[in-house]
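This briefing sets out selected features of the model shown below, grouped by topic.

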Amino acid sequence: MALKDSDAFFDSIRGSKMLGPTLSQTEVAGCNAVLTALGAHGWGAAWTAYGLATAYHETAQTMQPIDEQGGDAYFRRLYDVEGINPKRAKANGNTAPGDGVRYHGRGYVQLTWKNNYIRAAKELDEPIDQQPTLAKRPDLAAAIMALGMEEGWFTAKGLGRYIDKAAGSATQKAYGLARYVINGNDKAAQIAGYAATFEKALKAGAWN
């Protein structure tokens, strides 16, 4: 899967209220990194639109892999074995003091917990568990997003539960439900709107 007309895709985005009316080089590079990864995994236009929408939302609209907002004290509190929920930390692989900070959320979809970093390392054959900052490298962050959303890494729900992988379009209801792949129904309607905008751009760029 790939764009046949990338200019038409980006022109459509520029005409929207999202990344337009101008696009920075980093925004274009981020979109391209995501498109490359999703295309390599054979995602149809609807899945790809939702992947782009998710990346747009989860990166604070920058289209660049980022660190989870918070800081070390916050990460220790939420994710560390010495934090507020040691049982949850241990269940997700954060067994040593400091793991909460080391394995905080990073990337396009905020990869979190040591077990998920280990899984990503095995799936991508990259030492992401040993060098957690690799989860912010655009190509790896995009690949993590592709595999994670498809296989249900984040909530045990895969994208195919809500939208057919080969679909060229999806309803706003389906895009809204797809938020359960990442984070319940948090901002579901808003992200569904982003997906519709990206779907339109993908159609303009002849994604197939």
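This is a predicted model: local features need pLDDT of at least 70, side-chain atom pairs count only at pLDDT 80 or more; totals for chains, interfaces and linings use all residues.

Residues are numbered from 1 along each chain as its sequence is written, and side-chain values use heavy atoms, with hydrogens and water left out. Helices (H or I, at least four residues) and strands (E, at least two) are DSSP runs, numbered from the N terminus.

**Helix α8**

- Ten of the 14 residues of α8 are buried, so this helix is largely enclosed by the rest of the structure. Buried means under 20% relative accessible area, exposed over 50%, and partly exposed in between (1.4 Å probe, protein chains only).
- The buried residues of α8 are L140, A141, A142, A143, I144, M145, A146, L147, G148 and M149.
- Among the elements that cover these buried residues are α2 (25–40), α3 (45–58), β2 (106–107) and α7 (114–124), where contact means heavy atoms within 4.5 Å.
- G152 follows α8 and has a positive phi, near 80°.

**Helix α1**

- In helix α1 (residues 6–14), the buried residues are A8, F9, F10, S12 and I13.
- The cover over the buried residues of α1 includes α2, α3 and α10 (188–204).
- At the start of α1, a side-chain oxygen of D5 comes to within 3.3 Å of the backbone nitrogen of D7.

**Nonpolar cores**

- In soluble globular proteins, nonpolar side chains tend to be buried together. A nonpolar core is here a set of buried Ala, Val, Leu, Ile, Met, Phe, Trp, Tyr and Cys residues joined through side-chain atoms within 4.5 Å.
- The largest nonpolar core has 47 residues, of which F9, I163 and F198 touch the most other members. At least two residues of this core come from each of α1, α2, α3, α8, α9 (172–177) and α10, and α3 gives the largest share, nine residues.
- Leaving out residues up to four places away in sequence, F9 touches L3, L35, L52, F198, A201, L202 and G205.
- Another core, of 14 residues, lies apart from the largest one and includes A120, A121, A135 and L140.

**Aromatic pairs**

- A pair of aromatic rings is described by the distance of the centres and the angle of the planes. Rings of Phe, Tyr and Trp (its six-membered ring) pair if their centres lie within 6.5 Å; planes under 30 degrees apart count as stacked, over 60 as edge-to-face and the rest as tilted.
- Eleven aromatic pairs are found in a search of the whole structure.
- Y50 and Y175 are stacked, at 6.0 Å centre to centre with 10° between the planes. This pair links distant parts of the chain, with Y50 in helix α3 and Y175 in helix α9, 125 residues apart.
- Y50 is buried, with a relative accessible area of 0%, and Y175 is buried with a relative accessible area of 0%.
- Y56 and Y194 are edge-to-face, at 4.8 Å centre to centre with 85° between the planes. This pair also links distant parts of the chain, Y56 being in helix α3 and Y194 in helix α10, 138 residues apart; both residues are buried.
- One aromatic cluster is formed by Y74, F75, Y79 and W113.

- W113 lies in the loop between β2 and α7. Although W113 is not a glycine, its phi is positive, about 85°, and W113 is buried with a relative accessible area of 8%.
- A206, in the segment after α10, has a positive phi near 55° and is likewise not a glycine. A206 is partly exposed, with a relative accessible area of 28%.

**Residue A196**

- A196 belongs to helix α10 and is partly exposed, with a relative accessible area of 32%.
- Apart from neighbours within four places in sequence, A196 is in contact with Q172 and Y175.
- A196 and D5 are 191 residues apart in sequence and 19 Å apart in space, C-alpha to C-alpha.

Key
A polar contact is a pair of N or O atoms within 3.5 Å; within protein, one must be able to donate a hydrogen and the other to accept it, and residues adjacent in sequence count only if both atoms are side-chain atoms.
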